[in-house]
Amino acid sequence: MSLLEVQSRIADSCKKAGRKPGEVMLVAVTKSQPTEKIIAFLEQGHRIFGENRVQEATEKFMALREKYPDIELHFIGRLQTNKAKDAVRIFDVIETVDGVKLAEELAHEMQRQKRNLPCFIQVNTGDEKQKGGVSPAELEGLFLFCTKQVRLPVEGLMCIPPAHEIPDLHFALLRNLAQSLGLKKMSMGMSADFDSAIRYGATHVRIGTALFDIT
Ligand SMILES: *Cc1c(COP(=O)(O)O)cnc(C)c1O
């Protein structure tokens with residue numbers, strides 16, 4: 001699908017859900033996509049992108065930022081504590097805070113670099129062993145640590161539902177958790193399930209395949 005088509009699908013989903021299209025941000029996930037494709041999106045006016053590797057994002061986006069300073073780059077992958085410094089340098093939003101060590105290091109780097117990046121806590125809504133994110137049971141503790149102890153600017157929650165489950169229950173759970181913590185932003189929904197995510201209140205949908213697969 002073209003960027004325009006995806007945007008119009010998002011607008012349709014919003015309409016069906018009784019929401020305004022402006023309430024949902026499209027994060028174009030460009031992991032493993034070449035720079036030319038990103039430039040094509042930039043030329044169409046798109047500015048919000050998602051990458052899941054610090055190194056790859058640095059290689060692709062450092063140069064692009066000079067020409068397009070208003071890019072908003074979201075980190076959506078697993079972040080190792082020792083990469084926090086580089087992540088704070090290149091990204092604008094960190095969507096995958098999932099532990100106290102990482103939160104502490106991110107807060108420290110933000111202070112050092114004087115860059116205050118909005119953060120999301122990733123919640124492992126399916127309690128999957130191999131997946132990043134904090135378990136729902138430990139979310140409140142981590143949230144309080146982030147906001148009270150290290151003053152990390154946590155603005156929302158993010159989740160990636162288990163691959164072979166109907167995502168709706170996970171979206172509903174994330175919404176309830178966000179509400180209980182007074183958080184307004186929710187990053188949920190990908191190519192296959194953004195319509196449902198928008199129904200449950202997503203403010204950010206992260207879409208890769210639908211934008212880049214021309215089949
Ligand atoms: C790759 C990725 C996406 C995009 O998924 P698609 O199904 O290709 O739209 C979204 N979120 C995360 C965390 C990803 O790694």
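Mentor: H2 passes H3 in a right-handed crossing. This is a predicted model, and the geometry described here is computed from it. The axes of the two helices, H2 and H3, come within 11 Å and cross at roughly 30 degrees. Angles under 35 degrees count as roughly parallel, so H2 is roughly parallel to H3.

On the H2 side, the contact is made by Thr35, Ile38, Ile39, Leu42 and Glu43. Their partners in H3 are Lys60, Phe61, Leu64 and Lys67. By class, the residues of this contact of H2 with H3 divide into five nonpolar, one polar and three charged.

Lys60 of H3, one of the residues that meet H2, also takes part in a network of salt bridges with Glu51 and Glu56. The structure holds 12 salt bridges, and several others can be described in turn.

The side chains of Asp70 and Arg47 meet in a salt bridge, with 2.9 Å from N to O. Asp70 sits in the loop between helix H3 (54-67) and strand S3 (72-75), while Arg47 sits in the loop between helix H2 (35-43) and strand S2 (48-51). The pair thus links distant parts of the chain, 23 residues apart. Asp70 has a relative accessible area of 48%, so Asp70 is partly exposed. Arg47, with a relative accessible area of 23%, is partly exposed.

Another salt bridge joins Arg115 and Asp92, whose closest N and O atoms are 3.6 Å apart. Arg115 lies in the loop between helix H5 (100-113) and strand S5 (119-122), and Asp92 in the loop between helix H4 (84-90) and strand S4 (93-97), so this pair ties together parts that are 23 residues apart in sequence. Arg115 is partly exposed, its relative accessible area being 26%.

The pair formed by Glu128 and Lys131 is also a salt bridge, at 2.9 Å from N to O. Here the cut-off for burial matters: buried means under 20% relative accessible area. Glu128, at 16%, is therefore buried. Lys131 has a relative accessible area of 19%, so Lys131 is buried.

To return to the helix pair, the right-handed crossing of H2 and H3 brings together a contact whose residues include three charged ones, and Lys60 is among the residues of H3 that meet H2.

Definitions and conventions:
Residues numbered from 1 in each chain as written. Predicted model: local features only at pLDDT ≥ 70, side-chain atom pairs only at ≥ 80, totals over all residues. Heavy atoms only, no water. Salt bridge = Lys/Arg side-chain N within 4 Å of Asp/Glu carboxyl O. Helix = DSSP H or I, 4+ residues; strand = E, 2+ residues; numbered from the N terminus. Buried < 20%, exposed > 50% of the residue type's maximum accessible area, 1.4 Å probe, protein only. Axes fitted to C-alpha atoms, helices over the stretch in contact; angles between N-to-C directions. Parallel < 35°, antiparallel > 145°, perpendicular 65-115°, else oblique. Left-handed = near helix turned anticlockwise from the far one by under 90°. Contact = heavy atoms within 4.5 Å. Nonpolar A, V, L, I, M, F, W, Y, C, P; charged D, E, K, R; others polar.
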